[in-house]
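Thank you all for coming.

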Amino acid sequence: LSELPESHPRYLSLRTRHRIEEGVEKGITSKQGLIAEGRGEAFDYLLGERTLPTADDAARAAAAHLLLARHPVISVNGNVAALVPEDVVELAAVVDADVEVNLFNRTDERMQAIVDHLREHGAGEVKGLNGDARIPGLDHKRAVVDADGIGDADVVLVPLEDGDRAEALAAVGKTEIVVDLNPLSRSAQTATVPIVDNIVRALPNITTHARDLAGRPREELEAVVETFDTAGALAEAESAIRGGRLESDAESDPRTNGER
Ligand code: ATP
Ligand code: MG
């Protein structure tokens with residue numbers, strides 16, 4: 001990969017794939033995580049590997065939610081840790097959120113490997129190892145969270161969450177921000193704010209919006225939250241994937257390098 005020039009039309013996609021491979025080798029990412037990556041790549045390809053305007057609106061609404069929160073928590077799984085560890089740490093600092101490792105397939109080894117990996121990338125305290133609370137409505141292993149982390153949170157950012165857990169978190173009344181490239185997945189469908197975008201673009205984008213919105217009056221942040229159109233954003237993303245791409249996008253299309 002080091003020989004791949006940044007000008008290569010698929011550079012970002014290949015770099016992302018390489019990070020996931022490294023995640024598997026380091027014991028951070030699961031085999032299921034590899035499959036999830038493949039599914040995400042397919043959706044991203046169809047989106048033209050760019051952030052839709054509605055996904056940018058969603059990222060801004062997410063930033064406003066995180067800034068308004070009493071206790072925001074960023075949930076990290078094996079794919080998130082492999083792909084965007086620096087961005088998780090940076091966003092957590094900007095919105096003053098906790099970081100909690102939360103795995104679909106929880107093993108002590110993988111939990112610890114991810115905590116260590118995040119700390120190597122500058123994280124302070126990383127939650128998740130206590131596992132002293134449960135989210136109701138899920139089988140035992142899948143329900144485990146930290147009582148003073150996700151258990152206490154009012155706003156949770158759950159990138160690439162699976163559908164069951166997204167539903168269970170929403171059912172206990174938490175404001176849920178999901179990042180998922182599939183607008184039809186239950187995770188995206190149950191989120192308060194679904195960001196249909198690649199995590200590698202979405203996380204830095206939320207941070208940029210959070211920096212811009214930090215320090216503004218609560219009413220202004222509340223207005224950003226209220227004007228976000230959840231159903232409209234999901235519909236736009238679905239139509240973009242189904243082929244409703246704009247002519248004007250062709251120039252910046254990484255698949256063709258501008259050629260038609
Ligand atoms: P459910 O309907 O229960 O949500 P699912 O079909 O979404 O199930 P998962 O295994 O949770 O099943 O799928 C992983 C999801 O993560 C897929 O929707 C995929 O598009 C998305 N995904 C994978 N990689 C990325 C990424 N880098 N950025 C954003 N989304 C991603
Ligand atoms: Mg899903």
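I will begin with the ligand, then turn to the pocket, and finish with the cavities.

Please keep in mind that this is a predicted model, in which local features need pLDDT of at least 70, side-chain atom pairs count only at pLDDT 80 or more, and totals for chains, interfaces and linings use all residues. Residues are numbered from 1 along each chain as its sequence is written, chains are lettered from A and ligands numbered from 1 in the order in which they are written, and side-chain values use heavy atoms, with hydrogens and water left out.

Which residues are the closest to ligand 1? There are 17 residues around the ligand, and the closest are Arg 39, Asp 180, Arg 186, Ser 187 and Ile 199, where being near means having a heavy atom within 4 Å. By class, this shell has six nonpolar, six polar and five charged residues, and its largest share, four residues, comes from α2.

Polar side-chain atoms of Arg 39 and Arg 186 each lie by an oxygen atom of ligand 1, at 2.7 Å for Arg 39 and at 2.9 Å for Arg 186, while Asn 198 places a polar side-chain atom 3.0 Å from a nitrogen atom of the ligand. Taken alone, ligand 1 exposes 630 Å², and the protein buries 84% of that, with areas coming from the Shrake-Rupley method with a 1.4 Å probe.

The space that ligand 1 takes is the largest pocket, and a molecule counts as sitting there if more than half of its atoms lie within 2 Å of the grid points. A pocket, on a 1 Å grid over the protein atoms alone, is an open set with protein on both sides within 12 Å along at least five of seven lines, whereas a cavity is a set of points where a 1.4 Å probe fits but cannot get out; lining residues have an atom within 4 Å of a point.

The largest pocket has a volume of about 1,100 Å³, and of the 50 residues that line it, Ala 36, Glu 37, Gly 40, Asn 79 and Leu 160 lie nearest its centre. Here α2 gives the largest share of the lining, 10 residues.

How many cavities of 30 Å³ or more does the structure hold? It holds two; the largest has a volume of about 60 Å³, and its lining includes Ser 75, Asn 102 and Arg 142.

Definitions and conventions. Polar contact = N/O pair within 3.5 Å; in protein donor to acceptor, adjacent residues only side chain to side chain. Helix = DSSP H or I, 4+ residues; strand = E, 2+ residues; numbered from the N terminus. Nonpolar A, V, L, I, M, F, W, Y, C, P; charged D, E, K, R; others polar. Points joined across faces, edges and corners; volume = space filled by probe spheres on them.
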